[in-house]
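Open the model in your viewer and keep the selection panel at hand.

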Amino acid sequence: MKLWGGRFTKPTNELVDEYTASIRFDQKLAQFDIQGSLAHVEMLAKCNIISDEDAATISKGLKVVAQKINAGEAELTEDNEDIHMNVEKLLIDEVGPVGGKLHTGRSRNDQVALDMRLYLRDALITLNQLLLNVQQSLYTQAKDNLDTVLPGYTHLQRAQPVLFGHHMMAYVFMFQRDMERLQDSWKRVNQSPLGAGALAGTSFPIDRHFVAEKLNFDGICDNSLDAVSDRDFVVEFLSNASLISVHLSRLCEELVQWSSAEFNFVELDDAFCTGSSMMPQKKNPDVAELVRGKTGRVVGNLIGMLTTLKGLPLAYNKDMQEDKEGMFDTVETLKGALALFAPMIETMDVKKENMYEAVAKDYSNATDLADYLVGKDLPFREAHAVVGQVVLHCINENKYLLDLKLEEFQEFSSLIEGDIYDVLSPKAVVNARNVAGGTARNRVEEQIEKAEKLFEAS
Ligand code: ARG
């Protein structure tokens, strides 16, 4: 008979069991479910709702169940629907009918909300560390590339040269905000819903704060209906995870481009690439592509959860069982990507000469010629027009700015003098951007120092 079978006159259709059961995926929550039950049962005894002796029996039994599940020795069945009822059934098998006292003053509705929060807390700690590792790999590449100049792009057209270290640091700060978002979400995740019961609270004189403290929560959910029926903490996580994935994905796109023969700016280590079954010469950036590709699932999980919640009346609805797979999948997907990312970045070979050569063969120092003329008191708009003419001349002549002789320059403006060659060199162009946050070497060094302080604090 089902744990809830009292008011039923016949068994459920087999297809219904299969369709409604969540044990296939919510068994991931087993250790958290038992952790919550241990705190709950201790509280029941403390509040004299059950005897100390019964509580001790139940606790002991729960620990045995935990061991058996961990060792793969416990049979988890669809008959028992979900992890909560499976654990309760295993407990009763272990300690007898007294195990049936565990669920006093509790519902699966507050129980599952609790388990989800405990699971997510655990995931947040791991993800935070993995993000830090990724940041540090980017930071290390930044430090190694404080003299590496490459074209910076807008519209994927060469725009102005930047330091590769500057480019790496851009992602360090993106991931910093991602990490701060995860950390900030902690205070909303870390509230205990236990005691909300099915929806209205409970008639037993329980102590919600005691359970919350036992489980290291910062506090309790203030409203029982809210506690069992919202999953905004899941949505918030999925949203933060989506942003992390989008940031990873953009970097992946750059890695894929940079490793192409067309760019040839980096080479990913063999250990992080794969080959082709047909074309012997191929070395494919599969990891980067797949991290980019999996962004679709992560964003999909966010949209899925939002859509599931949008029409639900208070309080708990079975629809909410759909909160799990998307969250688990997102955590696993992100852990996998982040764990690979740090060593992939760390071992990446940066082809400094190729980057430099690309800068030497473009017009990304044109702004500096205009700025030079502005320094000689020509209004910027006029300087822009003059340099546009110079660039057009160069394109027609198949030359770059630094190929022009001084007399050629002077045909366009008599303000140009012999010092122009120093001004237009790639290094000078980079170091001219000496504004806070800019790409000049000393400004990138400032960013690196800032990052070091952030790492220490996290
Ligand atoms: N398996 C359910 C879920 O994941 C647990 C809560 C079920 N509650 C209920 N009243 N049917 O949401």
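In which loop is Asn48 found? Select Asn48: this residue is in the loop between helix H3 (30-46) and helix H4 (52-70). Helices here are DSSP runs of H or I with at least four residues, and strands are runs of E with at least two, numbered from the N terminus. Phi of Asn48 is near 60°, a positive value in a residue other than glycine.

Some notes on reading the model. Residues are numbered from 1 along each chain as its sequence is written. The model is predicted, so local features need pLDDT of at least 70 and side-chain atom pairs count only at pLDDT 80 or more, while totals for chains, interfaces and linings use all residues. The chain averages a pLDDT (the predictor's confidence in each residue, from 0 to 100) of 97, and 100% of the residues score at least 70. The model scores ipTM 0.97 and pTM 0.95.

Next, select the ligand and the residues around it: Ser22, Asp26, Asp82, Arg108, Asn109, Val112, Tyr316, Lys318, Met320 and Gln321. A residue is included if its C-beta atom, placed from the backbone, lies within 6 Å of the molecule. Coloured by type, this shell has three nonpolar, three polar and four charged residues. Here Ala, Val, Leu, Ile, Met, Phe, Trp, Tyr, Cys and Pro count as nonpolar, Asp, Glu, Lys and Arg as charged, and the others, Gly among them, as polar. Helix H6 (residues 108-144) gives the most to the shell, with three residues. Domain 1 (5-104) and domain 2 (109-357) each supply at least three; the bounds come from an automatic or database domain assignment.

Now show helix H11 (residues 286-309) and helix H12 (residues 323-346). Their axes are 10 Å apart and the packing angle is about 155°. Axes are lines fitted to C-alpha atoms, for helices over the stretch in contact, and angles run from 0 to 180 degrees between N-to-C directions. H11 and H12 are therefore roughly antiparallel (over 145 degrees; under 35 is roughly parallel, 65 to 115 roughly perpendicular, the rest oblique). In the loop between H11 and H12 lies Ala315, and the peptide bond from Leu314 to Ala315 is cis, with omega near 5°.

Finish at helix H14 (residues 366-375) and helix H15 (residues 380-397), whose axes come within 8 Å and cross at roughly 135°. That makes H14 oblique to H15.
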